[in-house]
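I opened this entry to record what I looked up, one topic at a time. The notes follow the order in which I checked things.

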Amino acid sequence: MQQDFTFVMKSSDIRQSFLDFFVGKSHTVVRSAPVIPADDPTLLFTNAGMNQFKDVFLAKGTRPYSRAADTQKCIRASGKHNDLEDVGRDTYHHTFFEMLGNWSFGDYYKEEAITWAWELLTAVWKLPEDRLYATVYHDDEESFRIWEEKTSILPDHILRFGDKDNFWEMGETGPCGPCSEIHIDLTPDGSGRTLVNADDPRAIELWNLVFIQYDRQADGRLEPLPQRHVDTGMGFERVCAVMQGKSSNYDTDVFRPLFDTITELTGVVYGASMDDPQDIAMRVIADHARTLSFALSDGAMPSNEGRGYVLRRILRRALRYAKDLGCNKPILHRLVATVADSMGDVFPELRDRQDAVARIVKAEEESFLVTLDRGIEIFNGLVGKVRSEGNAILGGEDAFKLYDTYGFPFDLTRLMASSVGLQVDDEGFERCMQEQKTRARQDRREKQQGGAEEGLWEWFSDLHATEFTGYDGLESDATIIGVSRSNKSLLLVLDQTPFYAESGGQIGDSGWIETGEYRLEVTDTQKDGDSFVHVVTRAFDNVRDSEADPADIAVGQGKVHVSVDRKRRQATERNHTATHLLHAVLRHNLGEHVQQKGSLVNPERLRFDFSHFSKLTPEEIEAVESGVNECIRMAESTRKHADVPYDDAIAKGALAFFGDKYADRVRVLEIPGISVELCGGTHVDNIGQIGLFKIVSESSVAAGVRRIEALTGRAAEELMWNEYRELHGVRQLLKLKAEEPPSEKVAAILEERRALEKQLADLKAEALLATLQNDVSASEDVGGCRIVAKVVEGADAEGLRHAAQALRQQFPLSAGLLCSAAEGKVSLAAFASDRAVKELGIDAGKLIRPAAAAVKGGGGGKAEFATAGGKNPEGMEEACSVFREAVRSMAEAG
């Protein structure tokens with residue numbers, strides 16, 4: 001690339017320079033949203049800077065500022081925006097990247113966005129004007145004129161393009177508008193004009209300026225938005241390459257620390273050539289280490305579903321490439337510290353969770369490496385088979401076997417096949433996947449949709465936001481501002497409400513809404529943007545003194561009186577505050593790697609998911625439960641801080657919950673000396689009100705995530721009384737004194753029972769063997785060989801095996817088959833004495849197979865002894881006959 005730059009900036013300086021520039025233009029610098037979207041079910045990962053402002057563009061949310069700038073963490077490894085396959089093969093694709101951006105929410109528009117972008121690139125960063133191109137939407141005359149008249153860009157460097165390249169849309173409907181992109185010509189001779197928008201690395205897009213001015217309707221029409229917005233995005237890694245005079249993003253100081261660590265671990269040095277397999281492997285490993293570090297730091301976990309499976313694919317893909325570096329042991333977890341060291345100043349969560357992330361990654365690596373070598377061996381065998389048949393396509397069923405049995409993601413199999421010149425049957429693999437999903441669905445009911453599914457809304461106010469008053473009281477007067485009907489329910493939005501809407505793991509409140517004519521029972525409260533939706537499922541007609549169908553009630557704008565179910569709210573608050581105590585005690589007892597991964601609090605119980613790497617021992621569970629109850633007995637008053645700046649709260653040690661989205665000003669729950677957490681939920685005034693805490697279960701949710709379920713207050717008390725009554729009943733049955741522990745007496749009874757059961761089994765075995773000895777003695781003698789084939793009533797599989805082994809020892813020249821059935825399952829045991837094997841060639845292992853077929857089963861073993869099973873008891877007599885005839889033939893021939 002031609003060098004036209006007067007200075008080279010470090011990546012950290014480039015990032016800070018961008019933010020400082022827009023601070024100078026009265027922008028508020030906002031923190032990056034997590035790469036795990038908190039409240040957008042349409043996204044697996046945050047993939048653009050605009051994601052955290054989507055509610056503003058959809059007119060469902062607001063911000064306290066009208067101008068913003070940030071550097072956003074992004075992952076593109078799934079769905080429409082998926083760069084996974086390209087990573088490592090070129091110079092500029094990544095699964096993780098930063099996106100620098102600036103926004104205007106109904107403030108400045110095209111002229112400022114364009115002229116400021118030009119000022120930063122040319123006046124501040126000194127990029128050569130004759131290498132920059134601007135693209136505009138083909139009929140966006142306003143943008144074209146601004147570029148032509150308000151900047152010093154060369155007139156013939158303003159290019160027009162159509163919908164594909166220069167019109168941005170959020171989805172099939174909704175906010176959209178034209179965009180103007182800035183590209184840079186990196187060709188040696190400046191001849192890149194024809195390469196703009198041609199997906200050529202010699203003329204790459206640096207910055208996209210999106211002008212959101214329309215609302216796309218379902219019929220395709222474009223309606224002007226009441227407010228126009230600006231949304232811009234600049235690829236940080238790309239601009240670093242340009243500013244540092246590099247032809248590849250991977251040659252910048254953004255990636256150099258990772259390559260240095262990989263070299264230390266493998267001895268392989270980066271920089272041989274673009275197409276060198278080891279260079280490709282190092283680019284893949286470096287990129288994927290960044291993705292895993294950021295995703296896991298933000299609370300994601302590898303799994304077999306959704307985003308967790310995407311991360312597992314990425315990790316396994318990197319491990320496969322590590323083999324190209326001669327590395328056959330875990331390597332990615334060693335790179336987590338490098339990512340944290342190089343980027344932790346900007347994204348402190350990388351350092352805060354570094355140890356936990358490294359442990360999760362290492363556990364995943366060790367698990368996959370156990371099967372990777374075997375899977376590669378199977379893959380190589382399949383390749384040989386395909387080639388021997390003269391084909392060039394690996395079958396979909398074979399690819400599915402690698403996926404299902406050895407954990408090979410399909411794209412990894414496709415990658416390995418490509419490296420040996422083969423293709424993979426995509427359709428066949430997908431067919432196998434669908435068949436598996438169909439089988440899985442047969443045994444489970446589809447989940448019913450809950451909550452407040454939106455129907456057609458009738459609004460009585462231009463403002464749709466609800467003011468929450470439930471921190472300070474449980475009753476209030478309010479005005480209905482929106483009505484809808486859904487799932488045989490009446491849905492109401494009020495201008496203010498004490499009803500808590502479900503969020504942060506706390507379920508929505510229930511209670512009543514009183515109109516002049518009706519008493520409406522609210523059974524749930526949900527959030528829809530800034531609106532609180534009250535779900536009414538029962539109604540009482542005060543005039544007619546009868547039940548009414550909520551969906552048929554005519555409700556308009558009017559005053560109502562609302563009241564929350566006090567007992568349910570208080571029970572929920574006990575459980576919610578208890579989760580904060582539990583979190584604190586877990587971190588104190590197990591270590592600060594413990595992070596909340598999810599929760600559910602309702603009036604009945606609490607559920608708390610947290611990061612930890614092993615099952616809690618009974619002693620640890622007891623210590624946690626005791627610790628929480630000790631906190632409760634301290635009876636500390638809680639301190640609920642409202643409207644605290646987010647950064648101030650974090651600086652004072654407040655913990656943020658996984659999966660929640662926090663505003664710039666937050667609520668903080670402080671339990672003095674115990675816990676400080678960001679939390680918008682409702683809580684008890686004094687932790688002594690929780691009363692009692694009792695853990696009822698501890699289990700695994702996913703790799704590295706544990707779950708505790710517990711009860712508080714009256715529910716915990718009732719559980720303990722029930723257990724006491726059961727224990728008291730046991731004491732009475734055992735005739736124990738109060739001081740005698742029932743466990744010793746129960747253990748003694750169980751041991752006595754086991755001894756009696758063994759005696760009984762021995763007696764049964766002796767009786768069975770005696771009977772069978774008589775049967776063998778009286779059995780058919782062919783050529784001196786005793787042949788017995790018999791259905792034995794009441795014997796289990798172990799009894800048959802024991803009897804068969806004893807008979808072959810007691811009768812020097814003998815062969816036999818013993819059959820029995822229990823609960824529809826058939827057991828077979830075949831034997832042949834040593835002389836029968838040597839002199840007559842009788843092989844019990846072979847003879848049992850046709851006998852097992854008669855009972856619709858299978859089995860095998862050695863010549864002297866074999867076992868089998870089946871599922872057709874009616875075929876046992878046929879099995880005996882088959883075995884008897886086979887042995888008779890061999891004995892006669894011998």
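**Glu-823.** I checked Glu-823 for exposure: its relative accessibility is 84%, which is over the 50% cut-off, so Glu-823 counts as exposed. I was working from a predicted model throughout. I placed Glu-823 in the loop between strand 31 (814-822) and strand 32 (825-832). I then read the backbone and found phi of Glu-823 near 50°, a positive value in a residue other than glycine. I noted the background here: most residues other than glycine have a negative phi.

**Asp-643.** I looked up a further non-glycine residue with positive phi, Asp-643, where the angle is near 60°. Asp-643 is found in strand 24.

For one residue I wrote down the partner: Ile-671 is bridged to Ser-675 in strand 26.

**Cavities.** How many cavities of 30 Å³ or more does the structure hold? I recorded five.

I took the largest cavity to begin with, and its space is about 60 Å³. Its lining includes Ile-507, Gly-508, Asp-509 and Ser-510, along with Val-564, Asp-565 and Pro-603. Arg-568, Arg-569 and Thr-572 also line this cavity. Which element gives the most to this lining? I found that helix 16 (residues 566-590) does, with three residues. Sorted by class, the lining of the largest cavity has four charged, three polar and three nonpolar residues.

I then turned to the second largest cavity, with a volume of about 50 Å³. The residues lining it are Leu-296, Arg-353, Ala-356, Val-357, Ile-360, Gln-595, Lys-597 and Ser-611. Helix 12 (residues 354-388) gives the most here, again with three residues. By class I wrote down four nonpolar, two polar and two charged residues for the lining of the second largest cavity.

Methods:
Residues are numbered from 1 along each chain as its sequence is written. This is a predicted model: local features need pLDDT of at least 70, side-chain atom pairs count only at pLDDT 80 or more; totals for chains, interfaces and linings use all residues. Side-chain values use heavy atoms; hydrogens and water are left out. On a 1 Å grid over the protein atoms alone, a cavity is a set of points where a 1.4 Å probe fits but cannot get out, and a pocket is an open set with protein on both sides within 12 Å along at least five of seven lines; lining residues have an atom within 4 Å of a point. Grid points are joined across faces, edges and corners, and a volume is the space filled by probe spheres set on the points. Helices (H or I, at least four residues) and strands (E, at least two) are DSSP runs, numbered from the N terminus. Ala, Val, Leu, Ile, Met, Phe, Trp, Tyr, Cys and Pro count as nonpolar, Asp, Glu, Lys and Arg as charged, and the others, Gly among them, as polar. Two strands pair if DSSP finds at least two bridges between them. Buried means under 20% relative accessible area, exposed over 50%, partly exposed in between (1.4 Å probe, protein chains only).
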